[in-house]
Amino acid sequence: GETTQSCVTFDGSGDYLTVPDHADWHLAGGDFTFECWARFNTASGTDILFGHADTVDGDDIAFQFVINAGSTMRLQYSTDGTWASSWSTINQSWSPSLDTWYHLAWVRSTTSLYMFVDGTELGSTASIGADSIFNASQLLYIGTALESGVTANYFDGHMNEIRISDTARWTANFTPPTERYTSDANTVLLIHGDENGGGTAAFTDSG
């Protein structure tokens, strides 16, 4: 585990981070990379690592990046904002071991979706086609997805070096960086995990 650097700890029953709604979370049909280092305390339920969706009313749905039932790495998204008619799911099989740090990455490059664990692609490259992901008006949630104080599927574990980029950083196997990320022109969110706590933290958008 982490011994020389702090990390964000989620207890699985009410811990999460939020970032205000912003054009950076409006993915549409563009390239992206969502990534983090994560360690699981439990992995038998639905662990939402990133969510931009109203899971209560189901009418303002954008995306969720999920580890589901400890057996699949998943992207769920909507093209029209509704749950039932266009909630699409792309899965790759993967079972995390508990109390082990993993580098996880979801990458879109034009019509292809890649999922990586520790820099190794899971399964075969999936097609996301020309789908344009809906522009939701929700907060960006890290560690859950919720609306109006109602929640489910909290992540139980630890996260570090949480980064969202507006580019496809990897489309083939790679060696995950083990040093702190530095912001570049394609970084739209970077949380190292050692920021001052207390409920609120300010981030400089240098990307």
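**Exercise 1. A loop alanine**

Is Ala69 buried, partly exposed or exposed, and what is its relative accessible area?

*Solution.* The model is predicted.
- Step 1. Take the accessibility. Ala69 has a relative accessible area of 38%.
- Step 2. Apply the cut-offs. Buried means under 20%, and exposed means over 50%. Ala69 is therefore partly exposed.
- Step 3. Check phi. Ala69 is not a glycine, yet its phi is positive, about 55°.
- Step 4. Locate the residue. Ala69 sits in the loop between strand 5 (61-68) and strand 6 (72-78).

**Exercise 2. An aspartate with positive phi**

*Solution.* 
- Step 1. Asp99 has a positive phi of about 55° and is not a glycine.
- Step 2. Asp99 belongs to the loop between strand 7 (87-93) and strand 8.
- Step 3. Its relative accessibility is 53%, so Asp99 counts as exposed.
- Step 4. Set aside residues up to four places away in sequence. Asp99 then touches Arg39, Phe40 and Asn41.
- Step 5. Compare chain distance with space. Asp99 and Thr42 are 57 residues apart along the chain, and their C-alpha atoms are separated by 8.6 Å.

**Exercise 3. The overall fold in numbers**

*Solution.* 
- Step 1. Take contacts between residues at least 6 apart in sequence. Of these, 65% join residues at least 24 apart.

**Exercise 4. The nonpolar cores**

Which residues of the largest nonpolar core touch the most other members?

*Solution.* 
- Step 1. The largest core has 42 residues. Phe63, Leu75, Leu104 and Trp106 touch the most other members.
- Step 2. Ask which element supplies the largest share. Strand 3 (residues 32-40) does, with five residues.
- Step 3. Follow Leu104. Beyond four places in sequence, its contacts include Phe34, Cys36, Ala38 and Phe40. Leu49, Ile67, Met73 and Trp94 are also among them.
- Step 4. Leu104 touches Glu35 too.
- Step 5. Look for another core. A second, separate one has eight residues, including Val107, Tyr114, Phe116 and Phe174.

**Exercise 5. Salt bridges**

How many salt bridges are there? Characterise each pair.

*Solution.* Side chains of opposite charge can pair when their charged atoms come close.
- Step 1. The count comes to two salt bridges.
- Step 2. Arg163 pairs with Glu35, with the closest N and O atoms 2.8 Å apart. Arg163 is in strand 15 (residues 156-165) and Glu35 in strand 3, 128 residues apart. Both are buried.
- Step 3. Asp184 pairs with Arg169, with the closest N and O atoms 2.9 Å apart. Both lie in the loop between strand 15 and strand 16 (187-191), 15 residues apart.
- Step 4. Asp184 is partly exposed, because its relative accessibility is 29%. Arg169 has 21%, so it is partly exposed as well.

**Exercise 6. A serine beside the loop pair**

Which side chain makes a polar contact of 2.6 Å with Ser165?

*Solution.* 
- Step 1. Ser165 lies in strand 15.
- Step 2. Its relative accessibility is 2%, so Ser165 is buried.
- Step 3. The 2.6 Å partner is the side chain of Arg169.
- Step 4. Leave out neighbours within four places. Ser165 is in contact with Asp31, Phe32, Thr33, Asn186 and Val188.

**Exercise 7. A buried arginine without a salt bridge**

Where is the nearest side chain of opposite charge to Arg108, and which backbone oxygens does the Arg108 side chain reach?

*Solution.* 
- Step 1. Arg108 lies in strand 8 (residues 101-109).
- Step 2. Arg108 is buried, and its nearest side chain of opposite charge is Asp31, 5.5 Å away.
- Step 3. Apply the cut-off. A salt bridge needs the nitrogen within 4 Å of a carboxyl oxygen. Arg108 has no salt bridge.

**Exercise 8. Cysteines**

How many disulfides does a search of the whole structure find?

*Solution.* 
- Step 1. The search finds zero.
- Step 2. Cys7 is partly exposed, at 23% relative accessibility. Cys36 is buried, at 0%.

Notes
Residues numbered from 1 in each chain as written. Predicted model: local features only at pLDDT ≥ 70, side-chain atom pairs only at ≥ 80, totals over all residues. Heavy atoms only, no water. Core = buried A, V, L, I, M, F, W, Y, C linked by side-chain atoms within 4.5 Å. Buried < 20%, exposed > 50% of the residue type's maximum accessible area, 1.4 Å probe, protein only. Helix = DSSP H or I, 4+ residues; strand = E, 2+ residues; numbered from the N terminus. Contact = heavy atoms within 4.5 Å. Disulfide = S-S within 2.5 Å. Lys, Arg positive; Asp, Glu negative; His and termini not counted. Polar contact = N/O pair within 3.5 Å; in protein donor to acceptor, adjacent residues only side chain to side chain.
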